[in-house]
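Hi,

Here is the structure I said I'd pass on.

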Amino acid sequence: MRDEYGESLAGASILVIDDEPGMRNFLTKILSPRCKRVEQAGSAIEASAALDRNHFDLVILDNIMPGKTGLDWLREQGKVGLFSDAILITAYADLETAIEALRIGVADFVLKPFRANQILNAVARALDRKILRRDNSLLKHELSVEGGTARGRLLGNSIPINTVREMLTRLAPMPTPVLFTGASGTGKEIAARTLHAMSDRAEKPFVAVNCAAISQDKCAEDLFGEVNEDGQGRNGLFLLADGGVLFLDEVAQMPEKMQAALLRVLEDQRIRPVGAERDIPLNLRFFFATNADLPAAVAKGTFRADLYHRINVVNIDMPPLKDRSEDIVELAALFMGQFSKTLALPDLELDDDTLLKISRYDWPGNVRELRNMIERSVILGAFPEEFAGGGQVTGSRAIETLDLVTKRHILNVLDACDGNRAEASRRLGVSRKTVDRKCASWGM
């Protein structure tokens, strides 16, 4: 049945409001098998109490009820804080009622008596429009984020990156907040998106917020949403991410006022939009990221200690690229293929000499610096002088040949040991003579 009316019903929560038990039970009976949650309310008072407890994607309400019409209730709830779409059902239709319903923002208008397929179609249309509005808002947010959003996979097979993968696998099925730390360019957001994709929230939104770029004047409205003077609600990023993941990047630079507000959200899992009188329950998993020393920021007084302890449940420290030198060649080859394709330019030969120089460089800007260097080289048609090589072995042979892989690995370990061959041989698990013999064969 879900295929007939669309997948949007499957994850929806709906509140049915009608003073007639028969109508409430009829709507509940046809909606419950298709929706995530359906609740009933027999009066305006019960409906208001239900909204105080839970957030609903859609309310279906009768217009003629004892003491208050459905439109009056919607108008009243809009001023308190109503962030659900509404379908009005009534046996008494007139032009004035229809106009007023549109003015208030009712999503659809269904006349009694109606058949099951009529109300199901109306519900599917309303939910599809709601999801489309949400997706459009999230797309606008992603396009407005400075520098774009991180994309791609967590690449590499080095021990440090495999350790990260193992931790992500362990955390994937849990609701636990995660703090990603590490230098700029190490792939914190990519790791966070990877974790989201592995979790049971993978089909729900992943909303990234750069705390350093939050407007001081509009941060509450942008994050929590707002209710204007006409009682119309505007969703903030927290509510747009509901059911999914909110990723707060550069969390150490979050304004002090916002830190206090975030702490309340983490403790209560509820938000109150600006201008609203009602808290809205959330179903969110939080990821955080920073390249700063948070304990030092706490000691300095620029970051709240209680917030730090609240977000530091599980910490994944992303390794710098220089500590995963085995992955550099794979990343360079991948970026070369990507940029030659997207820029419609010929790729450059990654010969053995160039790959050795690339793998021995420290990359203080980490993966981002490597990526930018490859893109710049493709555009200019040549590598920078410090990476230009004249090796005879190119292509997959330069990347995969065992002797060349061994050479890059041993020289990287020697670099890490500042040229101390005894220490390098200890780390490599080979004799000093083996290292000396290899270096001699390379003319070193």
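Predicted model: local features only at pLDDT ≥ 70, side-chain atom pairs only at ≥ 80, totals over all residues.

Before the rest, some housekeeping. Residues are numbered from 1 along each chain as its sequence is written, and side-chain values use heavy atoms, with hydrogens and water left out.

Overall picture

The protein has 20 helices and 14 strands; these are DSSP runs numbered from the N terminus, helices being H or I with at least four residues and strands E with at least two. Its radius of gyration is 29 Å, whereas a compact globule of 444 residues would come out near 22 Å (taken over C-alpha atoms, the globule rule being 2.2 Å times the number of residues to the power 0.38). The C-alpha trace spans about 95 × 50 × 35 Å along the principal axes.

Buried residues account for 47% of the 444. Here buried means under 20% relative accessible area, exposed means over 50%, and partly exposed is in between (1.4 Å probe, protein chains only). As for contacts (heavy atoms within 4.5 Å), take those between residues at least 6 apart in sequence: 72% of them join residues at least 24 apart.

The protein exposes about 22,100 Å², and carbon and sulfur atoms supply 51% of that (Shrake-Rupley method with a 1.4 Å probe; for residues, only the protein chains shown count as cover). On charges, there are 56 positive and 63 negative, and their mean positions are 3 Å apart. Lys and Arg count as positive and Asp and Glu as negative, with His and the chain ends not counted; each charge is placed at NZ of Lys, CZ of Arg, CG of Asp or CD of Glu.

Around β3

Strand β3 (residues 58–62) is largely enclosed by the rest of the structure, because five of its five residues are buried. In a regular strand, side chains alternate between the two faces of the sheet. Both faces of β3 are covered, with Leu58, Ile60 and Asp62 buried on one side and Val59 and Leu61 on the other.

β3 runs parallel to strand β1 (residues 13–17), joined to it by four bridges, and Leu15 stands opposite Val59. β3 also pairs with strand β4 (residues 85–90), again in the parallel sense, over five bridges; there Ile60 has Ile87 as its bridge partner. Pairing requires that DSSP finds at least two bridges between two strands.

Helix α4 (residues 70–80) has Gly70, Leu71, Trp73, Leu74, Gln77, Gly78 and Val80 buried. The cover over those buried residues includes β1, α3, β3, β4, α5 (95–104) and β8 (226–227). Just after α4, Gly81 takes a positive phi of about 135°.

β7 and β10

What about strand β7 (residues 206–210)? Four of its five residues are buried, so β7 is largely enclosed by the rest of the structure. Five bridges join β7 to strand β10 (residues 245–249), running parallel, and Phe206 has Val245 as its bridge partner in β10.

Ala344 has a positive phi of about 55° although it is not a glycine. It lies in the loop between α14 (328–342) and α15 (352–360), and is exposed, with a relative accessible area of 67%. Trp363 also has a positive phi, about 50°, without being a glycine. Trp363 is in the loop between α15 and α16 (366–380), but counts as buried at 1% relative accessibility.

Ser43 lies between β2 (37–41) and α3 (44–53) and is partly exposed, with a relative accessible area of 26%. Ser43 and Lys204 are 161 residues apart in sequence and 33 Å apart in space, C-alpha to C-alpha.

Ala382 is in the loop between α16 and α17 (395–400) and counts as partly exposed at 40% relative accessibility. Leaving out residues up to four places away in sequence, Ala382 touches Leu348 and Ser377.

Cheers
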